[in-house]
Amino acid sequence: MGKKIVILGAGFGGLHTALTLGKKIGKENEIILIDKNPYHTYTPTLYEVATTSKETASLIDLKSIVTIPIHKTVNGRNINFINAEIKELDLLGGDVHLADGQKIAWDYLVLALGAETNYFDIPGLKENSFDLKSFTEALQIRDKILDLVLDGKVQIKIVIGGGGPTGVELAGELEEWFGQLKDDYGKCYATITIVDSNPIILNNLDKRVAILAQKRLKKLGVEIINNEIITKVSNEEIYRRTKSDMRSRLFNRRCKLDDYKMISKVPICEEGEEEFYKQAKENYDRAMLCPKILKQNPNQISEMCPCGGSFCKSTRQRHCNTKMHKKYFRII
Ligand SMILES: Cc1cc2nc3c(=O)[nH]c(=O)nc-3n(C[C@H](O)[C@H](O)[C@H](O)COP(=O)(O)OP(=O)(O)OC[C@H]3O[C@@H](n4cnc5c(N)ncnc54)[C@H](O)[C@@H]3O)c2cc1C
């Protein structure tokens, strides 16, 4: 009898999993892919949306570079896409509850709901910063900057929290964009600052690359503050360590991501909860597809892991060290 594989989230991990499984498993099996958006967000081009004037590209043009319609992508494949928000995972009942009241049962469940921004409990950070994880958020950043320029603000200060790849890309693009804005609207200057707690930006990359990137950004005019931690954020100021020395609006490119809320809430068997575990075991086993396969046949994980699409040995290692996967491993 065919199996029902339910994949939650059509981001990088979920969509890749669905497409790969669609090619490999027989038609007697059903793949259900669920996402709250009708499109897949191609995050690497988000900063372009955040730094393109309304005159340069229409909303439709911008949307087309960042979003890929899921219906079209899965059309003609063995994948049934449901555009709905997932409200609840009922691991004991073995089904997923959607916002419209539908309940979808699974034989196998793939969790690929992404991650949420971790604000590290920094006071005021969430309320006073912009995030850059979705098309809408990218537009919010763009519109805020355009509003300031159109309001005649001459000196605009932007702080980017975190000098990872996106913070760096965004800083470079912003510098370039402000060059254009100055041509189009006259007097307006930007001070773009990256605050990073590491001694150098792009800390995870080869040091030589990071040094080159840091030099290049500085040449472009980006200010880089290393070895500093943002401790508090208000409407117009950020506090680094104990000093309040900047008046600026802060754009928070996700400093670090935390587990997706819903996943964090998945009940995990802790010590002393063996009875509960026993009851729920059957559904757990079917939900925790990835580590189960990893255990049985590590080579297959590349196709099926819920936390990432393009898997290779090294990335598998990295993913499986995440908090999320450690949880999964515990219950196998
Ligand atoms: C600005 C930016 C640039 C990046 N650039 C790169 C890059 O160049 N290269 C690279 O490798 N990585 C890049 N990344 C990282 C990459 O985007 C992530 O690692 C990747 O998206 C994670 O994949 P995922 O499937 O776990 O989650 P996501 O891709 O975030 O997918 C999660 C999906 O779940 C859906 N979802 C969430 N909650 C619900 C719900 N309740 N109901 C229904 N659907 C829901 C979301 O709509 C989304 O489609 C970048 C990230 C950002 C933010």
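Two strands pair when DSSP finds at least two bridges between them. Strands (E, at least two residues) and helices (H or I, at least four) are DSSP runs, numbered from the N terminus. Everything below concerns a predicted model, in which local features need pLDDT of at least 70, side-chain atom pairs count only at pLDDT 80 or more, and totals for chains, interfaces and linings use all residues. Residues are numbered from 1 along each chain as its sequence is written.

**View 1. An antiparallel sheet of 3 strands.** Let us start with an open sheet whose strands run in the order β6-β7-β8, with antiparallel pairing. At its edges are β6 (86-90) and β8 (103-105), each pairing on one side only. From one strand to the next, the twist averages 20 degrees (axes are lines fitted to C-alpha atoms, for helices over the stretch in contact, and angles run from 0 to 180 degrees between N-to-C directions). Look for β6 beside strand β7 (residues 95-98): the two pair in the antiparallel sense over 4 bridges. Which residue in β7 is the bridge partner of D90? That partner is D95.

**View 2. A parallel sheet of 4 strands.** Here is another open sheet, with the order β5-β2-β1-β9 and parallel pairing. The edge strands, β5 (79-83) and β9 (108-111), each pair on one side only. The twist in this sheet averages 20 degrees from one strand to the next. Strand β1 (residues 4-8) joins β9 in the parallel sense over 4 bridges. To find your place, look for V6, which stands opposite L109 in β9. As background, strands of a sheet pair through backbone hydrogen bonds, either parallel or antiparallel.

**View 3. The shell around the ligand.** Of the 23 residues around the ligand, G9, G11, G13, P44 and G114 come nearest (a residue is near a molecule or strand if its C-beta atom, placed from the backbone, lies within 6 Å of it). The elements giving two or more residues to this shell are α1 (12-24) and β2 (30-35). With 3 residues, α1 provides the largest share. Sorted by class, the shell has 10 nonpolar, 8 polar and 5 charged residues. For these classes, Ala, Val, Leu, Ile, Met, Phe, Trp, Tyr, Cys and Pro count as nonpolar, Asp, Glu, Lys and Arg as charged, and the others, Gly among them, as polar. Domain 1 (4-36 + 84-114 + 260-330) and domain 2 (117-254) each give the shell at least three residues; the domain bounds come from an automatic or database domain assignment.

**View 4. D121, a residue with a positive phi.** Most residues other than glycine have a negative phi. D121 is not a glycine, yet its phi is positive, at about 55 degrees. You will find D121 in the loop between β10 (115-117) and β11 (129-130). Is D121 buried or exposed? D121 counts as exposed because it has 7 C-beta neighbours inside 10 Å. The cut-offs are 20 or more other C-beta atoms within 10 Å of a residue's own for buried, 12 or fewer for exposed, and in between for partly exposed, with C-beta atoms placed from the backbone.

**View 5. L202, a buried residue with a positive phi.** Phi of L202 is near 50 degrees, a positive value in a residue other than glycine. L202 belongs to the loop between β13 (189-195) and α7 (207-220). L202 is buried because 21 other C-beta atoms lie within 10 Å.
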